[in-house]
Amino acid sequence: MGRDTVRMGKQRNFQIPKLLIFVVSVVVVVAVVTIVLLRPDEPGQDKTRRCESNSDCARGSMCAAGGCLVMLSSEHLGMWRDDIRAQLDAGVPWHPLSAFGEKITPTPICPAKPGKVASPDKKHTTPKVAVTVYEVDVDRIKIHKQQKVQGTMWLDSIRFWFPGKKTLSTPDLCVSASADRVAIAPKSVHGYKGTQIDVSLRQSVPVGAVASAALTASTDLPKEGALEARTLSIPLPPIAGPDAIARTVIAFPLGADLLSIEGPPPLRQRLLNGYVAYYWTHGDSQSDVTVVFRVPDTKMGNLDLDELNP
């Protein structure tokens with residue numbers, strides 16, 4: 001009996017630690033599962049960044065088709081909400097509010113034809129209109145530029161400049177019907193790297209008449225940073241003449257997240273079909289705009305340049 005009692009005692013002493021280990025293991029597993037369930041998704045997997053209501057967006061922004069839009073204080077959020085709902089309802093025709101400004105000339109000739117171009121004579125050229133449109137897409141940016149100039153002598157060419165670290169080439173360019181050949185060279189302006197493009201006109205323009213041309217350049221989106229955010233910095237060069245008009249527009253696909261707009265505030269904001277556009281008018285001095293944004297996975301359609309009218 002004595003031996004049996006001792007043996008059972010040893011056996012009991014051996015089983016108690018195993019039981020404790022089992023209980024502790026169960027507690028640890030439960031705790032780990034609870035932590036995983038309560039922990040928010042990692043930034044790279046966070047699907048809740050698509051907003052569902054205005055409360056999901058920063059102050060001064062509204063939720064539009066799953067993305068947060070920076071809103072100007074002059075805009076009526078209720079009207080924007082109703083117009084966006086009308087767009088998303090495929091059975092209801094919707095058209096943006098009318099705007100009266102410069103019509104963007106189409107650029108159907110792709111790619112641009114390289115060749116020798118006579119340098120424009122700035123001393124005999126007066127700028128009239130300079131319009132730049134940044135069309136943000138889900139995988140690239142299109143930059144549309146249109147210029148109108150007047151000469152005190154016959155005009156054979158117009159000079160353009162596109163900001164960007166990448167030097168553009170003819171496959172990147174489309175031109176309007178008024179353009180013939182292009183001559184391309186890297187050129188830094190206003191502290192920005194870029195590409196200077198001299199455009200030869202198909203027909204010489206007589207003294208006093210207005211010459212016009214338009215170009216479209218396709219370039220890469222800025223690289224992604226933290227939380228898939230991208231930063232686009234653009235110059236707003238000063239107005240070059242006493243009666244000149246210079247305007248810049250940035251158009252984002254509906255559903256994009258606009259995290260911030262730094263620099264001079266946009267003068268107006270418009271809802272277009274599938275896009276939201278912000279408008280700037282250039283001043284007498286150099287200024288810069290920086291926008292931090294995230295593109296949506298898909299877009300509702302292509303930007304209709306006829307709706308812009310900068």
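A disulfide here is a pair of cysteine sulfur atoms within 2.5 Å. Keep that in mind as we walk through this predicted model, where the rule gives three disulfides.

Let's start with Cys57 and Cys68, whose sulfur atoms sit 2.0 Å apart. With -80° about the S-S bond, this link is left-handed. Cys57 lies in the loop between α1 and β1, while Cys68 is in strand β2 (residues 67–70), so the bond ties together parts that are eleven residues apart in sequence. Cys57 is buried at 11% relative accessibility, and Cys68 is buried too, at 9%. Asp257 belongs to strand β13 (residues 257–262) and is buried, with a relative accessible area of 2%.

Next up is the disulfide between Cys51 and Cys63, with S to S at 2.1 Å. The torsion about its S-S bond is about 95°, so this one is right-handed. Cys51 is in the loop between α1 (2–38) and β1 (61–64), and Cys63 is in strand β1, twelve residues apart.

The remaining pair is Cys110 and Cys174, joined at 1.9 Å and right-handed, with 115° about the S-S bond. These two are 64 residues apart. Cys110 is partly exposed at 46% relative accessibility, whereas Cys174 is buried at 17%. Number the bonded cysteines in sequence order and the pairing reads 1-3, 2-4, 5-6.

Met153, Trp154 and Val207 make a nonpolar patch of about 310 Å². Met153 is found in the loop between β5 (141–151) and β6 (155–163), and is partly exposed at 36%.

Key: Residues numbered from 1 in each chain as written. Predicted model: local features only at pLDDT ≥ 70, side-chain atom pairs only at ≥ 80, totals over all residues. Heavy atoms only, no water. Patch = residues over 30% accessible without salt bridge, like charges linked within 9 Å, V, L, I, M, F, W, Y side chains within 5 Å. Areas by Shrake-Rupley, 256 points an atom, 1.4 Å probe, with all protein chains shown as cover. Salt bridge = Lys/Arg side-chain N within 4 Å of Asp/Glu carboxyl O. Helix = DSSP H or I, 4+ residues; strand = E, 2+ residues; numbered from the N terminus. Buried < 20%, exposed > 50% of the residue type's maximum accessible area, 1.4 Å probe, protein only.
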